[in-house]
Every structure is written in structure tokens, then in C-alpha cells.
Amino acid sequence: MTAGLSVTNLKLNRSGRVILDIDAFNLNSGEVLAVVGPNGAGKSSLLQILAFLIEPDTGIIRLDNEIIGNGNRLAARRKLAIVFQEALLLDTTVQKNIEIPLRIRGVSRQESVARSTEWMTRLGITRLARQRARSLSGGEAQRTSIARALAMQPEILMMDEPFAALDYPTRKSLLVELGNILRASGMTTLFVTHDFSEIPYLTDQVAVLYNGRLIKRGRVLDILGESAVSVKSWAPWDDL
Ligand SMILES: Nc1ncnc2c1ncn2[C@@H]1O[C@H](COP(=O)(O)OP(=O)(O)OP(=O)(O)O)[C@@H](O)[C@H]1O
Ligand SMILES: [Mg+2]
């Protein structure tokens, strides 16, 4: 079972403004949760706090019920993999982009090759293995970034608007494939988006952020009501 994550009494202020003010937020073990909200709602800030990339002004974060602080933050960070809107790849081949982080984490050469081979296959990028990252299209780069994250076998996968820069057909096929992968793996996942229509591909669990506050948390259909029906009307399971 992969890990769960929670935070209580979370406050983040910047330049005298309240950016986040959340009493309690939790990502349950094995859950795929979409965090949705308009531009500036605080989604990326929340993800970065939960990924231990920035420190909030107040807040107690627990990973698998263990409070994370100075002594164990690095170990906690290593249990996570993050996919950002921009792929942030190294200037080397696709295959090396997947293998190098594994080698840094102490995974053997043989195992790294096995994992990169598997995840390139699952993300449909095997033919790009020897291509340099800077020559990839946006969609190919994001597939590489997702393959790299999943090859790490993280306890929690975090994604911040990973599809925002992609055109509609590319976005849709990646959403369908990623949805299948996440359902099969049971990986705990936090997925940030401002686009409601992406959510049903990956999950039915949603948290709504607005002005730095968590205003709703639950099932998509319960929360979005009628508007979810129109989202659902072109969700992948309608084709079944
Ligand atoms: N270092 C900072 N100094 C001042 N304001 C900041 C800082 N970091 C973030 N903010 C503000 O915090 C708010 C939330 O930003 P954040 O990036 O978390 O929003 P978001 O929901 O991810 O938005 P988007 O959909 O545009 O990505 C914004 O109004 C932003 O301007
Ligand atoms: Mg953001």
C-alpha cells in the first residue's frame, strides 16, 4: 500500500497576503485526488508544501502518520515524485532522463535499465529512447517526465498541471493512458489542475481550492452537480 499524506492548521503568507489557510487536508493512501481551483487559488503552493519544497508559516504535515520535520524531510521527499507543467528534463537522451534519477537514488544499473524500458513502453516512447530531450515535442517531453516519475516507484505521485501546455488530442490520449496506469497501480496521487474536464479521466475525488481555502472535498458528481454531468458526458467511460 502506498503512503497517505495530511496537513493540519496550514497557513502560508506571502508579502503580507494570506496565500493558504486550511484547517485540515488529507490525501488518503491509495487515493487519486484532483485539486482544482482558478488561477491564483493556491494549488501549486499547496502541492509544493505537501512535497516539502516550500515551508509554510504554520502546519503539521504527516506522511504515513509520521510528522515530517527537519530530521526526516529529505527522506520524506524521496518518497515522492513530481511532474510539473514544464517537463524539466536533463539535456540528455529520453532513456537517460529516466535512468539517471534512479541511479542517484541507488537503484542498480540493471534495475534502472529494466524500469526505464518498462515505462518507456507503457508511455509509448520506446522509439524515442535515444533522442535528446531538447528535441522532443511538448507531448513527448511530458510522456518522458511521467515515465521518469513512475519509474521511481514513488509512494506518492504529484502532478501540477501536467497537461496544460498540450494540445487537446495529446492531452486526451495521455489522460486516458495515465488514468489506466493509476487505476492499475493504486498509486496515491495528487493531481492539480484548473480544468474540471480533466478530472473524470483520473478520479472521482476532488478538492476545490478558492482564495487559499479548501471550500469543498468529495466526489466530483456530488460537488459539481449539474456541471459535472456535462463534464461526464465526454468522459472516457461514456464510450464503453
Ligand atoms: N513568493 C511569492 N510572493 C508573493 N506572492 C506569491 C508568492 N508565491 C505565490 N504567491 C501568490 O500566491 C497565490 C497562489 O499562487 P499559486 O501559484 O499557488 O496558485 P495556483 O492556484 O497554482 O495558480 P495557477 O492556476 O495560476 O497555477 C497567487 O496569488 C500568487 O501570486
Ligand atoms: Mg499553479
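**Reading the pocket and the ligand shell**

Student: Which classes of residue make up the lining of the largest pocket?

Tutor: By class, that lining holds 14 nonpolar residues, no polar ones and four charged ones (Ala, Val, Leu, Ile, Met, Phe, Trp, Tyr, Cys and Pro count as nonpolar, Asp, Glu, Lys and Arg as charged, the others, Gly among them, as polar). This is a predicted model, where local features need pLDDT of at least 70 and side-chain atom pairs pLDDT 80 or more, while totals for chains, interfaces and linings use all residues. Residues are numbered from 1 along each chain as written, chains are lettered from A and ligands numbered from 1 in written order, and side-chain values use heavy atoms, without hydrogens and water.

Student: What counts as a pocket, and where does the largest one lie?

Tutor: On a 1 Å grid over the protein atoms alone, a pocket is an open set of points where a 1.4 Å probe fits, with protein on both sides within 12 Å along at least five of seven lines; lining residues have an atom within 4 Å of a point. Here, domain 1 (5-79 + 156-239) and domain 2 (90-153) both contribute lining residues, so the largest pocket lies between them. Of its 18 lining residues, Leu80, Ile82, Pro101, Arg105 and Met152 are closest to the centre.

Student: Which residues are closest to ligand 1?

Tutor: Gly40, Gly42, Lys43, Ser44 and Ser45 are the closest of the 13 residues around ligand 1 (a heavy atom within 4 Å). By class, this shell has three nonpolar, six polar and four charged residues.

Student: How do I read its polar contacts?

Tutor: Look for N or O pairs within 3.5 Å. Oxygen atoms of ligand 1 lie 2.7 Å from a side-chain N or O atom of Lys43, 3.0 Å from one of Arg17, and 3.1 Å from a polar backbone atom of Ala41.

Notes. A polar contact is a pair of N or O atoms within 3.5 Å; within protein, one must be able to donate a hydrogen and the other to accept it, and residues adjacent in sequence count only if both atoms are side-chain atoms. Domain bounds come from an automatic or database domain assignment.
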